[in-house]
Structures are given as C-alpha cells and as structure tokens.
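Try each task yourself before reading its solution.

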Amino acid sequence: MHGPAVVTWMLAGLAAGSAALCALRLRRPGCAGAHREADAAEAAMAVGMAGMAVLPGAVWGWLFTVLGGALVLGAVAGRAGRVHRLHHGVGALAMAYMALAMAASPAAPAHLHHAAPGVPGATGTPMGLPALTGLLLLYFGGYTLWAGSRLLSAPGAAGGAAGVVEGGTVRACRVAMGIGMFAMLLTL
C-alpha cells in the first residue's frame, strides 16, 4: 500500500489474523459444504489481503481476477450460497482492481499522487477510476456496517454457547475483512 508503514503492517496483521481464524474454522468437525467453501474463500481472501498490503503488484491482481471470475461464475451457476459466493467474487475482483491500479501507478511514497500541486513527484490524480472506487467504498462500507450490526445482535437460541462463540467469530472475521477492504480502497 502507498501509506504509512504502521498502517500497512496493522492492516497486514488484521488480515493475517482473519486468515488464521478462517483456517481454524476449516479444521472444525462438521465443516462441510457451503460452510467449508465460505471459510476457504475467506481464508484465501485474507491471505491475499495481507500479502497485498505488504507486497503490492500486478501478480496479485491477476490471481484475484481469476479467483473473482471463478467465484462470480460459481454464484451464477450454483444454487446454494449464491449471495455469499457473489460477495466473495466482488471482493476478489475489488482486490484485483486495487492491485492492478497500484501496479499501474508510479511508485510514490506516502500518497504523493494525492499531494497538492507543486509538491515534487505529485501528479494530483488518483489511482484507478474514481467512480468505481467510490462504488466499491460504498459497497464495503455498507457491508461492514451490516456485518457489524449482526455482530452486535443477540444470537438465536439454537446452538448454545458453542454456537454463540462460533457465530461471533465468523461475524467478527467478516467485520475485520470489510474494514480491511475499505481501508485498502481508501488508498486509491
């Protein structure tokens, strides 16, 4: 990312922590079907987000383009889990967009492309397409607020204490990933 090092490493840590939680959920007994697919997709996205935060580049963009295309096609063709799969597809394509936009821009420390005219190295133009970036910011901002509201809501009676912890972990992971996507989009 083009930003302060402390923010970059905090985002990488948040994403790596989310990836670890998703990977741990994959190992739980009874993890099968749509839940297993969602956990695997979330783990892959989190690993990619952590990697992109510290090592941006076009390679990430093309990897996420393939992943996003596969997830969107799976959402269109599949019956179960279509909305969640489509969300992961949008996330993967958004990460591809960010990686390719950052790779196409000249390397500039600490957002010089947003700096005032007259600053050496400043271009004054944002990376990527401002309208698309704005739409993605609205989507992930809204998703994070929605996921956060579900995190705060009381869980149902089914599942007992184990269900409360499991549901809370999944929801917290989704909130963390939404915040990470929003923060990465802000760097464009």
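This is a predicted model: local features need pLDDT of at least 70, side-chain atom pairs count only at pLDDT 80 or more; totals for chains, interfaces and linings use all residues.

**Exercise 1: The surface**

*Solution.* The protein chain exposes about 9,800 Å². Carbon and sulfur atoms supply 76% of that area.

**Exercise 2: The overall fold**

Work out the secondary structure of the protein chain, then look at burial and contacts.

*Solution.* Step one: count the elements, which gives 6 helices and 0 strands. Step two: read along the sequence, and the pattern is α-α-α-α-α-α. Step three: turn to burial, where buried residues make up 38% of the 188 residues in the protein chain. Step four: take the contacts with a separation of 6 or more; residues 24 or more positions apart account for 71% of them.

**Exercise 3: A pair of helices**

Decide how helix H3 and helix H4 are oriented towards each other, and describe their contact.

*Solution.* Start by locating the two elements: H3 covers residues 58-77 and H4 covers residues 82-104. Their axes come within 7 Å and cross at roughly 160°. An angle over 145 degrees counts as roughly antiparallel. H3 and H4 are therefore roughly antiparallel to each other. As for handedness, H3 passes H4 in a left-handed crossing. Sorted by class, the contact of H3 with H4 has 17 nonpolar, 7 polar and 2 charged residues.

**Exercise 4: A serine in H1**

Is Ser-18 buried or exposed, and which residues does Ser-18 contact beyond its neighbours within four places in sequence?

*Solution.* First find the residue: Ser-18 sits in helix H1, which spans residues 5-26. Next check the accessibility; the relative accessible area of Ser-18 is 3%. The cut-off for buried is under 20%, so Ser-18 is buried. Finally, leave aside the neighbours within four places in sequence, and Ser-18 is in contact with Ala-46, Cys-173, Ala-176 and Met-177.

**Exercise 5: A glycine in H4**

*Solution.* With a relative accessibility of 4%, Gly-91 counts as buried. Setting aside neighbours within four places in sequence, Gly-91 is in contact with Met-45, Phe-140 and Met-181. For a distance to check on your screen, pick the C-alpha atoms of Gly-91 and Glu-42: these residues are 49 residues apart along the chain, and the two atoms are separated by 9.8 Å.

Terms used
Residues are numbered from 1 along each chain as its sequence is written. Side-chain values use heavy atoms; hydrogens and water are left out. Axes are lines fitted to C-alpha atoms, for helices over the stretch in contact, and angles run from 0 to 180 degrees between N-to-C directions. Helices (H or I, at least four residues) and strands (E, at least two) are DSSP runs, numbered from the N terminus. Angles under 35 degrees count as roughly parallel, over 145 as roughly antiparallel, 65 to 115 as roughly perpendicular and the rest as oblique. A crossing is left-handed if the near helix is turned anticlockwise from the far one by less than a right angle, and right-handed if clockwise. Ala, Val, Leu, Ile, Met, Phe, Trp, Tyr, Cys and Pro count as nonpolar, Asp, Glu, Lys and Arg as charged, and the others, Gly among them, as polar. Buried means under 20% relative accessible area, exposed over 50%, partly exposed in between (1.4 Å probe, protein chains only). Contact means heavy atoms within 4.5 Å. Accessible areas come from the Shrake-Rupley method with a 1.4 Å probe; for residues, only the protein chains shown count as cover.
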